[in-house]
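Thanks for coming. I will go through one structure today, starting with the terms and then the contacts.

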Amino acid sequence: MRRHLAVLLAIVTLAASTGCWEQPNSTTGKKTVIDSKNKPVPGLLRTPLLTNPPDLDPILISDTTSNGVASRIFNTLVGYDAELNMIPELAESLPEITGSGTVYTFKLRKGVKFQNGREMKAEDVRYSLSRLALTESKRFNVIERIMGAKAAAESARQGNPLQLDGVRVLNDYEVQIILSEPYSPFLFRLAMTNAAIVPKEAVEAAAGNFSRQPMGTGPFRLVEWKENTSLLLERFDDYFRGKPKLEAIEMRVIPESLVRQQEYEAGNLDICDVTSGMDSKWRNSNHSHDVLEWPQLAIYYYGFNLEKDGSPYKGRTDEQARKLRLALNYAVDREHLCKNVLEDRYYPANGIIPRGMPGHNAARPAFKQDVEKAKELLAEAGYPNGEGLPAVQLLFNPQGDHTLIAQTVQQDLRKIGVQIELKQLDWGAFIKAADAGEPAFFRLGWVADYPDPENFLSFLFHSSNKGPRGNVTFFDNPVVDSLLDESDKETDPKLRLSMLQRAEEAIIADTPWLFLAFNKEVILRKPHVKNLHPTGMDDDVNLSHVSWHEVAVEEIQP
Amino acid sequence: MLAYALRRILGLIPVILLVTLIVFTLNHFIPGDPGRIRFGQYADPEKVAQYNEDRGYNDPFFVQYFRYLKNACMLDFGESDAKKVPVVDIIGGAFKVTLVLAILGIIVASIIGVGAGILSAVRSRTLIDYASMFFAILGVSTPVFWLGILMIIFIGRPVAEALDIPLSGIHGDTLWEQLPSYFLPAMALGLIFSATIARLTRSAMLDVLTQDYIRTAKAKGLSGWTVVMRHALRNASIPITTVIGNSFAYLLVGAVLTETVFALPGLGREIVTAITQRDRLVITGGILFMAVLFVAVNLIVDLLYALFDPRVRLGQE
């Protein structure tokens, strides 16, 4: 027996001594070794990641974890301030827009350096935007309105060199982007991390592995990545907005929420997410001052499929079906749902455009429960007390709060005589079914890609986006389409916003959704973390729109 | 012996084939589009269709299955749709973590299990025996991930602080530096598996302790512990070795939830991630690898059993 144990120990010791068990580390470069066990270290921010970021190459990013990490490494031409106003980032100023809204001329900041020390120039902008046309790009839609984008994608598919005609280098510090037609929200797309400016030589040197060896102009650079374990970002001293206050950011991949909380309580993390059902625990503990919350630009809703054959909800213009959908909206007590059931983690929805987004109509009251009115509408729809109404399935994926919300809504609807069956499917199967228009009634949500109502209204309700492109209620209203199309061409921001608000009103009147709630984000951060100001665009602990160069971890005074 | 070994190895081939067929079939028919996994949910449908076509995902099921088998024979398990790297690299990287965890887990399990088993047998029908068997039954009945969570919540922090070891995750570059990171997960796994080992050790030792040669050894005037350790344990070691070997096989493939709870980037967690992402080649490759590993370890244990015990003649008259 002892011999067997000795053999096992020998294997471990041998492996340890040969060093052949090193964690996979896809980055090279200097590594900062910091002993941070159980105590804060001034200058070091320790944050959790819920998963290993799949990709850090801007053109491949399609998830919030990667976006959060990448936002610290890269910059875009334009960005947002803390109030989500658009501001120039790598551009010296917001662009001059001419040619009836089709020509955007950017003057670039001088002296902005990539993390390899080279100065960023206009050619880098042309190269970075052209890359979005590559076959592997996950975000072609960022450049789809640029002149020649489709031809560039087709050419790239055939293996030809990248050539995006609509991006023209005027000189080292001036670049012109020409759109195929006016598209007012274009600047918002340029502010997405996918449109980050990258150095060509670093992409080529990475030989197809830029995702693991990213390099940009951002306040931090990646120095170490242990797959599925941790990432270490180090301060980029030559950052164009000044030397960041933090020296390093350590991000640890911890998939289990309970463990993240224990690590936070033990002092091994400076920031932590608050999982569903844990709000009151934190708010009533001695960590209550650590709680940080903000309205997120996101909405939670139940969609009615307006084209599903056999569904009682079918038909946007069918008055009976519309009254039925409206009856369901009046039946749900959102105040109780958000405040009591969901521990104040949501706001009752009062429309589609969420709180904090330009165009949000704060004057419109939130949808309120009115059981009598709901019953009245139900009777007008031809189903007095729900009689004759077939039980429709509500399809949802059972993560997070979804089951709790579904059960609460089911109870509320029962009060007016409407029966719904709850059917759970996991995310992959669920989204496939929703995209294909299979469910008559389903849960979904939308988180803003950029702080503009067009991102909600056009993606979710324009008839050209039916199905997998986002409009899964199969909503089709020519008036709304026309307002959205016109708003795309409108260059006057005020006029444009009023068009979008009118579109929102028209959609609400058609009631394609059971409107539920706007999301709220809640996280914990230690008191020694300073200048951390999340915006409505920030998702959980990923924090992709924080001014990272200003965040600091200060020494705790005894 | 050689013929027996060959027969056993050949017998594994249909098992492995069956595993590949089941996993491949399940993966094939569950929803999830590889092209969308590669290019994102809102990717251009044409691009997605082209990717699926190029990768052969539109071919008939058996064409895909036999192509997979052919490539797998040459250790080519394809490329992950989500990560865009060869599946064999993903499995190789993650398996190192799982292997270390399993080895440390089995060491903990063996030390505690064999120790408690011997003590129970020697002090049979005493409070020590009842107490250790009570905990053994508790251990057998406790799901390992639950014990892991309990450990993290209730004793993880004080233990980690007292011993200056990490609570979760892997810290350090070389295995030597990383070893403290395995302490808590190896304890959680080891405690659970020690229960089975303790029960079997006790029963094997009780059998041996009533034999004549033990009485003879005692009559010769040998001390109690010498008799137990030199004569009794040596003869009881064959079934104990078998159960330790089998437990090791289970540890290699069954640490999925322990890896998730303690944030260890092992093979189990890699497969769970792949399942959530519908990364079908990683799922198939990972499960196939685990199945091969499991049957291989069991085969080795069986062969060792035959090698150690001269009374076993393995089907020979």
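C272(A) is buried, at 0%. C73(B) is exposed, at 67%.

Some housekeeping. This is a predicted model, in which local features need pLDDT of at least 70 and side-chain atom pairs count only at pLDDT 80 or more, while totals for chains, interfaces and linings use all residues. Residues are numbered from 1 along each chain as its sequence is written, chains are lettered from A and ligands numbered from 1 in the order in which they are written, and side-chain values use heavy atoms, leaving out hydrogens and water.

Now the interface. Counting contact as heavy atoms within 4.5 Å, 52 residues of chain B and 50 residues of chain A take part. Buried area is the accessible area (1.4 Å probe) that two parts lose on being put together, summed over both. For chain B and chain A that comes to about 4500 Å², 60% of it on carbon and sulfur atoms.

Next, salt bridges: a side-chain nitrogen of Lys or Arg within 4 Å of a carboxyl oxygen of Asp or Glu. The whole structure has 42 of them over all chains. How many are between chain B and chain A? The count there is two. One joins K226(A) to D173(B), with the closest N and O atoms 3.0 Å apart. K84(B) and D55(A) also form a salt bridge, at 3.2 Å from N to O. Is each of these two side chains buried or exposed, or something in between? K84(B) is partly exposed, at 22%, and D55(A) is buried, at 3%.

Within chain A, R221(A) and E234(A) meet in a salt bridge, again 3.2 Å from N to O. R221(A) is in strand β8 (residues 220-226) and E234(A) in strand β9 (residues 230-235), so the pair ties together parts 13 residues apart in sequence; strands here are DSSP runs of E, at least two residues, and helices are runs of H or I, at least four, numbered from the N terminus. R221(A) is partly exposed, at 26%, whereas E234(A) is buried, at 10%. Finally, salt bridges that share partners join D279(A), R283(A), E293(A), D344(A), R345(A) and K520(A) into one network.

Definitions and conventions. Buried means under 20% relative accessible area, exposed over 50%, partly exposed in between (1.4 Å probe, protein chains only).
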